[in-house]
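Student: Hey, can we go through this structure together? I'd like to start with the strands.

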Amino acid sequence: MSAEADEPDRAPDGRHPRETYQLFGHRDAEAELVRAMADARMHHAWLFVGPKGVGKATLAWRFARKLLGAGGPGLQADPDDPVSRGAASLSHPDLMVIRRPWDPKASKWRSEITVEEARRLEGFFALRPSLGGWRVAILDAADDLNPNAANALLKTLEEPPERAVILLVAHAPGAVLGTIRSRCRRLALRALSPEDTARAAPDAGSEALALSGGSPGRAAALASLDAAASYRSVASLLERAPKMPADAKAALADKAARSETASDLICDLVEDWLARAAQAACEAPVREVLPGESAAMARLAGGRPERLVAAWEAARDARRATDGLNLDRGAGLLALLRAVEDAVAGKQRQEFPVG
């Protein structure tokens, strides 16, 4: 499949949320949506929040199919239902999907949702439902809205049309404009239990499941990148901060440069390791992926757990800068690792160290 034929919101294992008809966990959230459909004054905008890969978009698509008229109990729908088929092919006249658009000049997906995409909602909601039910828009993910797009969406939310529902997916709701959040009904999805995670990602393997943090999507993505090898590379590097071997850093950067998915997952592993290391330094219980690693984490802190907290913050800041500046993923990871080294060494925070 070519990059252009792919989709920016398709999971690394090849499945798209609109093609997924089974959802594990989140029973309370489903029940809340079922109750909402029975309310004549149902809210016009919903914000699905929670960790990436836990099923937010899958739940949004389940809700959308029911609003569009798919039959079945609760939020269940038959894949052969005409509504399901129309949604799966993105041909249903009362459904719109807003996401990061394709950039034909750069031959890749844009890093943000543009104002042109957000403005499509105005024309869509200006029309009455074609099939007499609801008009539904899914925006995945709201974190990707640039400032102009966020303001355009806010205008739509401030003047909600009748028989219209907007479903917004957000991995980091704090990054979403506060005035948008305040106009949405929030539905929080938590990380899944180990049992539900394993059922949702049966082919992930034990290492990927251990690293997933209750996210089936993350477990599947980790499995596709050899979770065990990637994690050992990350752990081996971080344990040696602030003097990480240059060749090992370069090898990890090369792996991150292969794809956006690889880069995101490696950055996830770095952030997760540093967060657990800070817990270990504070003598808090730590979920171990490798036997005995909590002791190595505590030694790294050297009695200064605040440095590990600073390293975690530096990693997050460097990652956001890589995304915001649309930098090469390999170079971005090297800059992230330098920022972590500086934080562990107790050096004063600098601007994002690129170049």
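Student: How buried is strand β6 (residues 164–170)?
Tutor: Seven of the seven residues of β6 are buried, so the strand is largely enclosed by the rest of the structure. Buried means under 20% relative accessible area, exposed over 50%, and partly exposed in between, using a 1.4 Å probe and protein chains only. Strands here are DSSP runs of E with at least two residues, helices are runs of H or I with at least four, and both are numbered from the N terminus. One caution: this is a predicted model, where local features need pLDDT of at least 70 and side-chain atom pairs count only at pLDDT 80 or more, while totals for chains, interfaces and linings use all residues. Residues are numbered from 1 along each chain as its sequence is written, and side-chain values use heavy atoms, leaving out hydrogens and water.

Student: Which residues sit on each side of β6?
Tutor: Ala164, Ile166, Leu168 and Ala170 are on one side, with Val165, Leu167 and Val169 on the other. In a regular strand, side chains alternate between the two faces of the sheet.

Student: How many bridges join β5 to β6?
Tutor: Six, and the two strands run parallel. Strands pair if DSSP finds at least two bridges between them. Asp140 stands opposite Val169 in β6.

Student: And what about β1 (residues 45–49)?
Tutor: Five bridges join β1 to β6, also in parallel. Leu47 has Leu168 as its bridge partner in β6.

Student: New topic: is Arg100 buried or exposed?
Tutor: Buried, with a relative accessible area of 11%. Arg100 lies in the loop between β2 (95–98) and β3 (102–103).
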